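I opened the model today to go through its packing. These are my notes.

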Amino acid sequence: MDRWLLSFFIGAILSLFSPTVPVIFYKTLLSIMLLTFLIAKQWRSSLAFIIGALWLLFNAYQIENIWQRNDVIPAALWGKEQRLTVHVSSIVTHPSSEYSQLSKQARGTMCQLKQQKTSIDNEHFYGQITYLNAQKLLYPVNIRLSISRQFLICHPETIQHGQTLILFAKLKPSYNFANKGTFNYKTWLLSKGVSTTGYINTQKVISVADGSLSTRYQWYQQFEQLVEEEPLRAILFALTFGERASFNDETWQVLRQTGTQHLIAISGLHIGLVAAFAYLFLRLCIRTFPLSRLLRNQGLPTNVSNALLSANAQPLLLLIAGFTALFYGYLANFSTPTTRALVMLFLVLIARSCYLHLSFLRLMLLTLFLLVLIAPMSLLTASFWLTFYAVIVIVFILWRFKPTANHVLNQSLIQSSASKIKKYIVILVKIQLAITLLMLPINLIIFGQFSWLSAVANLVAVPVVSLLLMPLLLCAMLALPINLSLSSIFIELALRVLTPLWHFLTYLSQRPHAIVELSIHLQVLMIIIVLCFIVLLLSPKILLSISSQLRNIKLRFKTHLLPLILSLLTLAFVQFKDEAWQLHVLDVGQGLAVVIIKNQRAIVYDTGAHYPSGFNFSASVITPFLKANNINEIDYLFISHDDNDHAGGIITLRENFEINHLVFNEAHMLGDKTSLASQSNHQPCISGLNWQWQGLAIRALHPLKEAGKDNDDSCVLIVKGSSHSALLTGDISKKVEHQLVNLYETIQPLKKLNVDVLVAPHHGSKTSSSQRFINWVSPQYVVFSAGFMNRWHMPNAEVLARYERAAIEHFTTSKSGAVSFIFSGSRVEISQHRLDIVPYWFAN
């Protein structure tokens with residue numbers, strides 16, 4: 001059984017590496033395979049492998065082709081307003097409490113403003129589309145909808161969990177910005193079964209077709225009333241309802257820097273605690289409740305009473321404990337981590353109730369099998385792999401330290417209890433340190449960083465949350481439908497526990513360098529060290545053998561091994577100079593961001609946009625891209641001109657990196673122009689200026705004077721290496737293109753630029769890329785930095801045709817993702833992130 005369970009899981013994993021979800025007769029093929037699996041026992045492992053792959057691809061096909069299954073052509077929907085009937089399936093965070101301090105007049109003024117003119121963020125919620133333009137859908141479509149926060153402030157009762165609404169929204173397929181090191185939004189949505197997003201038009205009436213609220217939301221409202229004024233209410237919502245939408249940046253920073261994010265995600269720890277407390281409470285009730293007297297008072301026959309008293313209540317207690325945990329999972333909206341925990345819990349409970357012995361291996365394989373059946377897309381989440389790796393690590397550590405704990409427990413009674421407690425604390429510290437160390441590899445692989453304070457933080461936080469905070473919150477939740485005053489008492493006690501704990505975590509997070517980011521070389525070195533530690537834990541005799549032989553090999557270690565180890569460590573820190581250089585046109589939607597890299601140093605040209613919601617491409621794309629390339633400072637930051645889609649992210653970039661040289665002309669989008677311009681590292685971009693950088697020559701071709709307010713004021717740069725060159729043009733129009741050609745033809749008649757790469761002017765708009773300019777630049781490749789389904793339809797079809805007639809290979813970031821050019825000697829290597837680096841169906 002273990003073999004075919006493992007084969008099924010491996011098949012599901014390997015199906016992720018398919019570039020597309022092939023349109024095949026999944027249902028028929030899956031049915032044939034299942035039938036053959038039941039009949040042919042000798043082929044079960046092989047068939048389980050195929051069934052696992054088919055099952056995952058089948059579910060992916062169902063999600064990605066949901067509109068076609070409803071006989072709707074998706075292309076006819078995108079970018080156009082549709083009338084939808086939507087069942088709200090998640091809690092919408094209403095921001096009205098944040099604006100409660102506003103006067104009625106101020107709130108009224110804000111509500112009268114046009115939404116386009118406000119700087120208030122959007123809120124998001126999930127729903128199921130049941131009707132499209134009055135047409136009933138055979139298969140409801142999961143959707144993530146955005147709505148103006150201003151609308152929610154002014155109409156707080158309009159959208160609530162459980163309602164069915166009739167509204168108007170513009171729809172788009174799920175899409176992600178494809179760059180190295182960045183968050184994959186499409187994969188994240190796919191893991192939730194969502195393939196469509198939309199923005200609600202609040203200028204049109206949102207009517208309620210069914211106003212009934214879910215039980216979860218009714219409990220949420222009651223709980224919200226009790227904690228509305230509490231500063232730590234966001235943590236309470238996370239621990240009780242799994243809602244983290246109200247977390248601010250400071251809260252996330254504390255959790256990240258202390259390595260305690262797992263404590264606020266309702267998962268195995270919380271579900272297990274709820275089930276354990278329910279079980280212990282029931283056992284206590286049975287032991288203290290006079291059952292025999294009650295049965296006699298009921299007038300039952302003696303033999304019946306004796307039979308009931310002698311019956312084994314264990315299965316019933318386990319069942320009730322399981323359903324208590326299930327209800328807690330319902331309150332958490334059955335999130336992916338919650339579902340994983342519930343599956344494993346019920347496997348354990350069923351096995352205990354039926355007196356079945358499940359080995360750890362079989363328990364893990366059955367859990368994986370059931371999860372792939374129930375929630376196949378959960379394989380796409382990092383939390384899936386973190387969870388199972390953490391479970392394996394914890395079980396391994398407990399197995400390793402179990403003999404030591406048993407030895408302390410079985411010591412002579414003469415020894416004081418204080419001594420035993422002290423030894424147990426020492427064991428707990430060792431276990432926490434071992435868990436922290438063994439979790440390093442997967443944290444480094446997924447995040448490229450770790451918190452060196454996590455061991456201390458978790459050593460305090462885990463017992464406090466497990467033994468004090470969660471029981472109090474569980475009591476508060478159980479008291480909600482009975483008596484609000486009683487529930488508020490438990491909440492008050494929970495806050496008395498949470499407040500000092502949060503102060504402690506905040507203090508730890510403020511320690512210098514709480515988060516340690518490592519280069520690729522150091523990550524590999526750290527993983528090797530952890531693997532060696534695992535080997536030593538598996539075989540303690542190895543450690544004893546090493547220590548006993550150290551004396552004999554001391555001289556040999558000094559003369560041979562020590563130099564070798566020092567040489568290997570040196571390789572991890574030494575950087576070798578390379579003449580190759582890279583040019584990356586990042587995928588930042590309808591904006592521009594170009595990064596030039598050589599010898600792990602960088603030049604950035606433009607930063608992409610910054611939106612009123614706070615989202616900006618400097619934080620979401622450029623920063624993780626540079627970190628993924630082991631770059632911690634920027635040598636030159638060039639800003640072409642003052643438009644938001646080019647200069648919007650400079651403030652964030654300056655907060656995240658040290659910028660040695662800042663080159664710009666106007667600064668209205670950059671914050672305080674005076675403070676920026678007065679810095680010693682500030683320079684203007686004016687035609688004729690030159691910069692030398694690691695053997696690359698950078699020359700400004702435009703503008704002729706210090707200006708950057710308009711598109712035609714864009715800083716145009718030509719970057720030349722020994723054999724290759726690139727032209728960065730900003731948003732110049734045909735007017736400036738002709739000026740450039742006229743100017744340089746006067747200096748060098750009949751000579752073309754002949755660059756390798758041209759970053760197309762103004763995203764490929766029809767006002768740029770004149771035929772004369774294309775002929776003069778004469779590039780081999782042109783890259784259009786344009787947004788997915790942008791409303792200007794860039795790059796323009798006529799512009800594309802001009803480049804195609806000139807036999808110039810073109811790329812568009814909305815289709816290719818980040819486009820990278822590596823120039824080495826006379827060779828040019830080109831990669832498209834969406835097609836070459838991550839060419840998998842779930843990522844694109």
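I took a nonpolar core to be a set of buried Ala, Val, Leu, Ile, Met, Phe, Trp, Tyr and Cys residues joined through side-chain atoms within 4.5 Å. Buried means under 20% relative accessible area, exposed over 50%, partly exposed in between (1.4 Å probe, protein chains only). The model is predicted: local features need pLDDT of at least 70, side-chain atom pairs count only at pLDDT 80 or more, and totals for chains, interfaces and linings use all residues. Residues are numbered from 1 along each chain as its sequence is written, and side-chain values use heavy atoms, with hydrogens and water left out.

**Cores.** I looked up the largest nonpolar core, which has 61 residues. F223, L236, F241, I271 and L469 touch the most other members. Among the elements giving two or more residues to this core are helix 8, helix 9 (233-241), helix 14 and helix 20 (454-479). Helices here are DSSP runs of H or I, at least four residues, and strands are runs of E, at least two, numbered from the N terminus. Helix 20 gives the most to this core, eleven residues. A second, separate core has 32 residues, including L16, L365, L368 and L371.

**F241.** I listed its contacts (heavy atoms within 4.5 Å). Leaving out residues up to four places away in sequence, F241 touches R216, W219, Y220, F223, I266, L331, A332 and M477.

**Helix 8 against helix 14.** How do helix 8 (residues 215-227) and helix 14 (residues 314-331) pack? Their axes are 9 Å apart, at an angle of about 80°. Axes are lines fitted to C-alpha atoms, for helices over the stretch in contact, and angles run from 0 to 180 degrees between N-to-C directions. The two helices are therefore roughly perpendicular, a label for 65 to 115 degrees. T215, R216 and W219 of helix 8 meet F327, Y330 and L331 of helix 14.

**S90.** I found S90 in the loop between strand 1 (81-88) and helix 5 (104-112). S90 is buried, at 9% relative accessible area. It touches F125, Y126, H161 and N333, again not counting residues up to four places away in sequence. S90 and Y126 are 36 residues apart in sequence, yet 5.4 Å apart in space, C-alpha to C-alpha. The S90 side chain reaches the backbone nitrogen of Y126 at 2.9 Å. I counted polar contacts as N or O pairs within 3.5 Å; within protein, one atom must be able to donate a hydrogen and the other to accept it, and residues adjacent in sequence count only if both atoms are side-chain atoms.

**H682.** H682 sits in strand 14 (residues 682-683). At 16% relative accessibility, H682 counts as buried. Its side chain reaches the backbone oxygen of F664 at 3.3 Å.

Technical notes: Angles under 35 degrees count as roughly parallel, over 145 as roughly antiparallel, 65 to 115 as roughly perpendicular and the rest as oblique.
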